[in-house]
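Please load the model in a viewer and follow the stops below in order. Each stop gives a selection and describes what is found there.

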Amino acid sequence: MGPWDAADTEAPSTKIEEMKVAPETMRAWAVDEPGPIDSGPLRRIERAVPVPTEGQLRVLVHVCGVCRTDLHLAEGDLTPRRHLVIPGHEVLGVVDALGEGCVRFAIGDRVGVPWLARTCATCQFCVVGRENLCSDPRFTGWDLDGGYAPYAVVDEGYAYRIPATFSDEEAAPLLCAGIIGYRALRRSQLPRGGRLGIYGFGGSAHITAQIALAEGARVHVMTRAPEARELALQLGASSAGDSYEHPPEPLDSAILFALIGDLVLPALAALDRGGTLAASGIRLTDIPPLNYEQHLFQERTLCSVTANTRGDGEEFLELAGRVPMRISTTAYDFDHADQALADLAHDRVNGVAILVNSGSQP
């Protein structure tokens with residue numbers, strides 16, 4: 001069985017016998033003029049409902065997670081690839097139209113639309129299974145319109161089946177926060193039963209921590225938000241301190257989820273000999289000068305995380321379906337996407353913000 005041919009794990013309740021006929025146009029959120037979130041870089045637009053082409057699915061969007069990458073896009077830290085692109089790459093809904101040649105999914109199937117939208121399949125990285133490093137990739141909500149809209153399209157080879165154990169709101173964060181956190185965990189080279197440090201404790205970190213705990217790790221969380229420290233302890237972390245505090249024991253591995261380059265130094269200093277720090281973000285503020293003896297000697301390693309492969313996604317979702325997980329979410333009506341991004345920017349969201357498109361629910 002190939003990585004894209006997993007058994008159907010769809011919840012029976014998501015099957016619908018009759019699909020609504022899609023309207024000709026839809027109202028969506030798009031990035032107009034990137035800038036500080038309080039300046040209103042998102043605006044509502046009227047857009048034709050997308051029509052799936054060969055090999056594509058059209059998804060009736062139920063919910064869409066609000067990722068910090070969406071914030072980077074809106075504020076211009078991540079330059080939009082085109083004007084008025086629709087953000088959103090943690091998209092969860094049901095298939096309501098099929099392009100020619102689609103065979104993996106049927107009308108009514110529950111699917112997830114992730115960040116990785118397309119790869120070239122021919123570059124030196126794709127041909128050896130490292131498609132996360134593709135030389136010519138496309139990404140949902142950056143190159144291609146995403147889920148801040150009632151409908152979205154996706155190449156069927158890049159869509160995911162979703163474990164039945166998760167509701168729509170719980171499942172949406174798995175599609176980016178979960179998958180990227182999982183890749184960061186594997187990049188950190190955490191040994192089984194090892195000691196993991198987590199710096200920053202938002203949407204991705206709180207999912208990753210639960211995977212690590214389920215695999216027998218001791219987890220120490222360093223984050224500035226008191227509510228996040230409380231959540232970390234509730235989920236089973238051994239300790240939770242401020243961002244720059246030293247953990248109570250040396251770490252085998254660490255993951256930097258915060259976007260603050262200054263934290264690279266204390267995180268490296270907290271590693272035991274041979275430890276690895278994985279930086280998970282798509283961007284990071286400048287890293288201060290390192291002291292070789294204090295931060296890198298004794299074979300400490302600093303590495304980055306770049307996107308994910310579809311194999312990463314399939315592995316993570318299969319694992320997540322078996323591990324009892326608590327996904328902390330805050331729901332926002334679709335009409336309040338701008339408020340959700342503002343709350344994320346100002347650290348007013350504990351867990352993951354979720355846009356709920358109530359008009360799409362069967």
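**Surface patch**

Begin by selecting Ile287, Leu290 and Leu302, which make a nonpolar surface patch of about 210 Å². Areas follow the Shrake-Rupley method with a 1.4 Å probe.

This is a predicted model, in which local features need pLDDT of at least 70, side-chain atom pairs count only at pLDDT 80 or more, and totals for chains, interfaces and linings use all residues. Residues are numbered from 1 along each chain, and side-chain values use heavy atoms, without hydrogens and water.

Ile287 sits in the loop between strand S14 (271-279) and helix H7 (292-296); elements are DSSP runs, helices (H or I) of at least four residues and strands (E) of at least two. Ile287 is partly exposed because its relative accessibility is 37% (buried is under 20%, exposed over 50%, partly exposed in between).

**Strand S11**

Next, select Met222 in strand S11 (residues 218-222). Met222 counts as buried because its relative accessibility is 2%. The C-alpha atoms of Met222 and Tyr199 are 4.8 Å apart. Beyond four places in sequence, contacts of Met222 (heavy atoms within 4.5 Å) include Ile198, Asp242 and Pro247.

**Confidence**

Finally, colour by pLDDT, the predictor's confidence from 0 to 100. The mean is 92, and 93% of residues reach 70 or more. Residues 1-19 fall below 50.

Technical notes:
Patches are made of residues with over 30% relative accessible area and no salt bridge: like charges are joined within 9 Å, nonpolar side chains (Val, Leu, Ile, Met, Phe, Trp, Tyr) within 5 Å. A salt bridge is a side-chain nitrogen of Lys or Arg within 4 Å of a carboxyl oxygen of Asp or Glu. Buried means under 20% relative accessible area, exposed over 50%, partly exposed in between (1.4 Å probe, protein chains only).
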